[in-house]
Amino acid sequence: MTTAPSEPSPLVFGLDTFGDVTNDEHDRPISHAQTIRNLVDQGVLADQVGIDFIGIGEHHTADFPLSAADVVLAAIAARTARIHVGSAVTVLSSDDPVRVFQRYSTLDAVSGGRAEVILGRGSSIDSFPLFGYDLADYEDLFEEKTNLFAELLKGGPISWQGKTRPSLHSQDVVPHLETGTLPVWIGVGGSPQSVIRAAHYGFSLMLAIIGGSPARFAPFSELFRQALESFGRAPLPVGVHSPGHVAATDEQARDEFWPRYREVITRYSRIRGFAIPTEESFMREIGPRGALHVGSPETVAQKIAQTLTSLGANRFDLKYGMGGLTQAAVMTNIELYGTQVVPRVRELLADRESQTGLAPAAVG
């Protein structure tokens, strides 16, 4: 099988959230219910300011009460007309691929074809004991369930046999996809095997870069392109998911984000083994070679443009929000990202393309 030449994928700019619980004007955490209602408002604003995608990452903790992302995404879809809605990520290892397909094909119908799915093994393991899965099966669960999900996307009655769930025999899985397709990504945090898996199934690649130099992920972009070619597949998009926060000035962005970031990462360091951040390490991460995109619109735009160029990527999803921020700060972040950061990144990349003759997704 040979691949035909294809046009470069269009530039896409999204937002991802874990539904972090924000604080009120008295610096007190708001309720889970209000957090969810606020998130719907955030999605509506993202659509209004021209952002292409909003994704919700599945979590099951008091800090991130977004255990049913697809329900919230449907609420956003009902109040918007253009923005794509999807997961960021769906922890497929501890879910049923049939139910995931049904939920997101339903979301696709509700949204008029705007649904996407980003699948992941999950860096957070809270869902495993919650749904009765053994962490010893971490790899096998994801591999087998990804295989089933890929089969479901083909449509038509499905016959499938595996070890992690009952077999299917000429089973029709509904609702059918109206357009016959659903954009699917594999979220990758550092595993070459996951990169090859994405290429094998013909899923796009989403690089989750939450610390260190984004440039170190450049070999993954190249591996993905090589793997697609070896599997006889056409080129597919490469995206980047990274945390950040935009405010009017660099100083304001740092002052708002740093104390909340320090508190959240310190709390999770006990569970996840993260290094406790210092002000020095934070300044490195928000600098030119770090993973955090924190600053004024110009600072963040310059860094996103550099990240996309160095990785040969054509999509950037800013993981916005941090526990303890106010809804006002989060909404300002969204507005500045959509109205100032994204147009400036497009301008910067267009300038680089005119100078090099290469489209952003082809620069690496």
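Okay, a definition to start: buried means under 20% relative accessible area, exposed means over 50%, and partly exposed is in between, using a 1.4 Å probe and protein chains only. By that scale Asp-27 is partly exposed, with a relative accessible area of 43%.

Before I go on, this is a predicted model, so local features need pLDDT of at least 70 and side-chain atom pairs count only at pLDDT 80 or more, while totals for chains, interfaces and linings use all residues. Residues are numbered from 1 along each chain as its sequence is written, and side-chain values use heavy atoms, with hydrogens and water left out.

Back to Asp-27, then. Asp-27 lies in the loop between β1 (12-17) and α1. When I say helix or strand, I mean DSSP runs, H or I with at least four residues for helices and E with at least two for strands, numbered from the N terminus. For background, most residues other than glycine have a negative phi, and most peptide bonds are trans.

Ser-170 is another one to look at. Its phi is near 50°, again a positive value in a residue other than glycine. Ser-170 sits in strand β7, and Ser-170 is exposed, with a relative accessible area of 56%. Which residues does Ser-170 touch, leaving out those up to four places away in sequence? Pro-157, Ile-158 and Ser-159. Contact here means heavy atoms within 4.5 Å. If you want a sense of scale, Ser-170 and Gln-327 are 157 residues apart in sequence and 48 Å apart in space, C-alpha to C-alpha.

While we're on the backbone, let's do the cis peptides. One joins Ala-88 and Val-89, with omega about 10°, and Val-89 is in the loop between β3 (84-87) and β4 (90-91). Another joins Val-174 and Pro-175, with omega about 0°. Pro-175 is in the loop between β7 (168-171) and β8 (184-188).

Two packed helices are described by the angle between their axes and the distance between the axes. The axes are lines fitted to C-alpha atoms, for helices over the stretch in contact, and angles run from 0 to 180 degrees between N-to-C directions.

Take α1 (residues 32-48) and α2 (residues 69-78): they pack at about 45°, with axes 9 Å apart. That makes α1 oblique to α2. The cut-offs are under 35 degrees for roughly parallel, over 145 for roughly antiparallel, 65 to 115 for roughly perpendicular, and oblique for the rest. Who makes the contact? On the α1 side it's Ile-36, Leu-39, Val-40 and Gly-43, and on the α2 side Val-72, Ala-75 and Ile-76. Those contact residues divide into six nonpolar, one polar and no charged. In this count Ala, Val, Leu, Ile, Met, Phe, Trp, Tyr, Cys and Pro are nonpolar, Asp, Glu, Lys and Arg are charged, and the others, Gly among them, are polar.

Staying with α1, its 17 residues should span 24 Å at 1.5 Å a residue, and the end C-alpha atoms are 25 Å apart, which agrees. The expected span is 1.5 Å times one less than the number of residues. Buried residues of α1 include Leu-39, Val-40, Val-44 and Leu-45. What do the buried residues of α1 pack against? β1, β2 (53-56), α2 and α11. After α1 comes Gly-50, with a positive phi near 90°.

Now the other pair: α10 (residues 297-311) and α11 (residues 327-356) pack at about 45°, with axes 8 Å apart. The two are therefore oblique to each other, and α10 passes α11 in a right-handed crossing. Among the contact residues are Val-300, Ile-304 and Leu-308 of α10 and Leu-336, Val-341 and Leu-348 of α11. By class, the contact of α10 with α11 divides into twelve nonpolar, four polar and three charged.

On its own, α10 has 15 residues and reaches 21 Å from its first C-alpha to its last, close to the 21 Å expected. The buried set in α10 includes Pro-297, Lys-303, Thr-307 and Leu-311. Following α10 is Gly-312, whose phi is positive, near 60°.

Note on methods. A crossing is left-handed if the near helix is turned anticlockwise from the far one by less than a right angle, and right-handed if clockwise.
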